[in-house]
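User: I've got a structure open and want to talk through some helix packing. Can you take my questions as they come?

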Amino acid sequence: MTITQASCLTLIPGSSNSISLHSSTRGPSSTLSPPSCMTLLLGSNETLSLGSSLIFSDTSTLTLSSQQDYFEDNSIHAIPLDKNLGSWDEMVGTETGQFSLGFPTYNTMDKDTTAFQSIPGGAFSEVVASCLVDMPGKRDDGTKMALVENVITLQESQDALEVDVEKRTLMKKMMRQIQEEPLDSLSSTVRWQAMETLTQLSHTPPVLGVRERSELVNTCVKSVFSLPSVQAMQEKVEAKVEAIQTLYRQTLDALQTLLNALFVEDPTPAGLKSILEPLGPWMNSGKTHERARAVNSNVSVLNHVLLTLPFFMSSGFPALGLLLGRLILRIGDPDEEIGRKALDGIIILYTILELQKRARDKEETNKKELYESNKRFLGPYNPVCPCQNILRVIAEFGDFLGPQQVKDLLLAALEGLKGSSEARGKDLGEMMQLASEVTISSVLEWYHHRVVEVIPEIMQAIYMQLNHIQEPRAREVALLPVSLLASSFMTEVVVALLTCPLPLDSNGAEMWRQLILCKPSCDIRDLLDLLLMSLKEKPFTKKGRASIVPLAAASGLCELLSVSSCVGCVRRIYPQLLLALLIQVHYHIGLNLSGRVALRKDAKKDAQPSVFVPVRWVVKVVKTLLLRMGCSYEATFLEDQGGWELMGQAENHHRGVSLLARAMVHYSCQELCRILYLLIPLLERGDEKHKITATAFFVELLQMEQVRRIPEEYSLGRMAEGLNHQDPIMKVLSIRGLIILARRTEKTAKVQALLPSMVKGLKSMDGLLVVEAAHNLKTIFRGQDRKLMDSSVYVEMLQVLLPHFSDSREDVRSSCISLYGKVVQKLRSPRTPAVEEQLMGTLVPLLLTMQDGNAKVSQKCVKTLFRCSCFMAWELPKRAYSRKSWDNQQQTVAKICKYLVTTHQDSAFTFLSQSLEYAKNPRASLRKSSVMFIGSLVPCMESMMTEDRLNEVKVALENLRHDPEASVCIYAAQAQDHILASCCWNSWPLPHGDSWVCDPATTHRWSPSCKSLPASHQRCSWIVQALGSWKMALKQ
């Protein structure tokens, strides 16, 4: 191998010190100071024969090797560097590559100057770094070869942006090379060389960002720490034991040098944190050699920090709690060497903190003396009982631990509990559990007063860590902070637990049980009071956002109810809890908490996750409370009656609550008196939902004998006020309450006097509520003296029921029609005009609804129609009482219409208006029967029809000819033909320009001789036209 003299030669050292050598034909002006490692970088005009590489292995040795030599005999040629030699003028030993070098010694200006600082401006235009590394072994095709080649070109330019881009580009290339290295073997120097190059880059501005530095450290640490132990690698390649040992040591040294260099690059708290954080998880590894590497690296960085002090840490030592906690756990490591090293790291850390404190106080201190003093103070390491060292360390670090540091210290203790004993080994698992328990207990015993403000963060961290802790004993240790903190800060702990994700999984439930089981009965009462307070809150924040606090409180109560020893404490405030939960059921109906809940993490993977509905969860807690309080009969009654489902529905919530209260009265629940007296003040509090739930329960309790003791203003007075309430549900509940009170003799007369107000309040109300109220009112109607009863009340009741004959719900239609007939039965002669007018307006609705196609409804219509006929002395055709369909029964419809117009001519237009109104009904059956009725009614009203009325009929029928229901289209067309034929047959004057008269054949439409007319005068069948209209409607 030969080396010719270069016009420019530059040496860049691999340390934090600024070292460079420059040799030029114009005259030597070079400087060099001893680095730990130097790499030769050749300019563009330099040559190395035989593809050789030049390496400085240390401060005194220059190593040259060629590719040829490396493959053949793996020879390495070392050359001692004589510091006293002047300059290198000759080169000898062309075969061996040996030559003598001489450099004038020169001290660098400053430790922190960059590697390129001493190069004179314009000395070279670019620097090319290349490194070819070959290791003996097998390639993919028979020879294993690792190649790392990186080129950086630095122009003579002051463009900082360009330098920044080039630095980051090279850094990414080095990281990629490191990532491509195998993690199960150490077969090349790629890692070492790449990290050496990265170390050089750290001296080049600009400084890396925190995120980039953290990513770099992560990559290097993972690549090195993941390697098997040295013994394992040596056993794998027995022939190269020493080489592997050397390469392993060099690789670890290169990593440590890089970490130290990165700290020097940015000696700030943020910079130090970005280096230490990636090391943390490796300190809890289940493999001894990985923990040892992590601890050694941490201690080495801390030692470098100590030697580099002072540096600015105005915000305190970064992540002090986490670092201290991880080192404390390692004191208890089964490997004594790791424990001893961890304690040494803690001593260094304590020394750094002491120096920082004294620097703030402007005290001068000798670092070495302070370190030795702390070593005696915190040591020595006790391998037999490392817990003594742990307790001593925690006690002495108190001056440096604020709220965040104490929290981080606890989190570090929780980290040590992760993993299973199988993965970590039994000894390691037991030692970590012991060290964590000692740490948690002592920290919370001595510093619990400092963590009040961070309790929510601690609870959240425990919840998250429980996902990774499987061992039962380890989980017990992880839950210790819950009970220890609750002993002093119950309120804060409960508030923190209320933020656990919902629905509660096994982790959240276990945290609640830990809080419950470790508390005496007096504290359980306090806990219940806190839960009750949360249950009284609305599930909304002040800004209108959904809040999970009440729902979480209900979940916590459910866990508390699962503990038998707590049942007695629950009974103390059972009425308050029950009412608060029932009100929460009402609040949570339709409440969307999609952004505030999480899927259960302990659910089976194969199982389909069930949708979490908040209201169902609260209903479940109500059911659990009843069962635990011994109300099993009541719970079963609600189950049989569907009360639980009703309770969770917006339109039926009050019915579900009433059903529960009715069941508790029926089965004589022991707590009813307490509930009754508690409800009285609640009736006037809260918003509408609060009042509806309280009133629904209170109304049913009016059946109790104890109600007699309540002043009338709180019973009858409240119910009377409810009749004027804006909410229809409150009106119905008030009617129910009054009906119950009317069962008592002393209240009957007063309640009957309120009957007109009750009936009047039912107008414009939903059909279901009308039916519910009307069933209650039957009691009053039944008990009234018919002679003294004012018929106007009956008329108002009939007016309330009539609009619901066409309700879309079958049970509403059926009930209202039946109730209508029963009210008619109560009527007595003489008939007043108001009664006659009301019943006359019932004829058409009953006739049309009878064609509903529903047997139950039709039967009710027939019965009610018969009662109306009896009272009004109508002589309707017998077919009017038939439930048979009017299809193909046009003569029957015509006969009924003729009777109505003939007998009740004054009401004919009322009949027409009602039938036109029913033609707009959403139900097709009613539209069809109304069209048939109109087709027969209009011809009977020939002498009364006006142009406006006829136009109204025409527009309605034209619209119905495009109905989506085919039968409606057909009968609408038939009705048109029937009306037109009747108009022409009876010489009805049609409106001028009427579109119904479309051709001359119109005048002969019903003529018996129309078949003899010419084809041009014959009109198509109405059925064909109807089908055509229907098809057009479907296409649209």
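User: At what angle do α4 and α6 pack, and how far apart are their axes?
Analyst: This is a predicted model. In it, α4 (residues 210–225) packs against α6 at about 165°. Their axes are 11 Å apart.

User: Parallel or antiparallel, then?
Analyst: Roughly antiparallel, because the angle is over 145 degrees. The crossing of α4 and α6 is left-handed.

User: Which residues make the contact?
Analyst: From α4: Arg213, Leu216, Val217, Cys220, Val221, Val224 and Phe225. From α6: Thr251, Leu252, Leu255, Leu258, Leu259, Leu262 and Glu265. By type, the residues of this contact are 11 nonpolar, one polar and two charged.

User: Where does Asp266 lie?
Analyst: In the loop between α6 (241–265) and α7 (269–276).

User: Buried or exposed?
Analyst: Asp266 counts as buried, because its relative accessibility is 15% and the cut-off is under 20%.

User: What does the side chain of Asp266 make a polar contact with?
Analyst: The side chain of Arg213, at 3.3 Å. Arg213 is also one of the α4 residues in the contact with α6.

User: And which residues is Asp266 in contact with, leaving aside neighbours within four places in sequence?
Analyst: Val207, Arg213, Gly271 and Leu272.

User: New topic. How do α36 and α38 pack?
Analyst: At an angle of about 20°, with axes 10 Å apart. That makes α36 (residues 791–801) roughly parallel to α38, since the angle is under 35 degrees. Their crossing is left-handed.

User: Which residues make that contact?
Analyst: Ser791, Val795, Leu798 and Gln799 come from α36. Ala834, Val835, Gln838 and Leu839 come from α38.

User: On to α42. Which of its residues are buried?
Analyst: Helix α42 spans residues 908–918. Its buried residues are Ala908, Phe911, Leu912, Gln914, Ser915, Leu916 and Tyr918.

User: What covers them?
Analyst: The cover includes α38 (833–840), α39 (843–849) and α41 (890–903). It also includes α43 (924–940) and α44 (947–960). So α38 turns up again: it packs with α36 too.

User: Zooming out, how many helices and strands does the protein chain have?
Analyst: 46 helices and six strands.

User: What share of the protein chain is buried?
Analyst: Buried residues make up 52% of the 1036 residues.

User: And what share of the contacts with a separation of 6 or more is between residues 24 or more positions apart?
Analyst: In the protein chain, 71% of them.

Note on methods: Residues numbered from 1 in each chain as written. Predicted model: local features only at pLDDT ≥ 70, side-chain atom pairs only at ≥ 80, totals over all residues. Heavy atoms only, no water. Buried < 20%, exposed > 50% of the residue type's maximum accessible area, 1.4 Å probe, protein only. Helix = DSSP H or I, 4+ residues; strand = E, 2+ residues; numbered from the N terminus. Contact = heavy atoms within 4.5 Å. Axes fitted to C-alpha atoms, helices over the stretch in contact; angles between N-to-C directions. Parallel < 35°, antiparallel > 145°, perpendicular 65-115°, else oblique. Left-handed = near helix turned anticlockwise from the far one by under 90°. Polar contact = N/O pair within 3.5 Å; in protein donor to acceptor, adjacent residues only side chain to side chain. Nonpolar A, V, L, I, M, F, W, Y, C, P; charged D, E, K, R; others polar.
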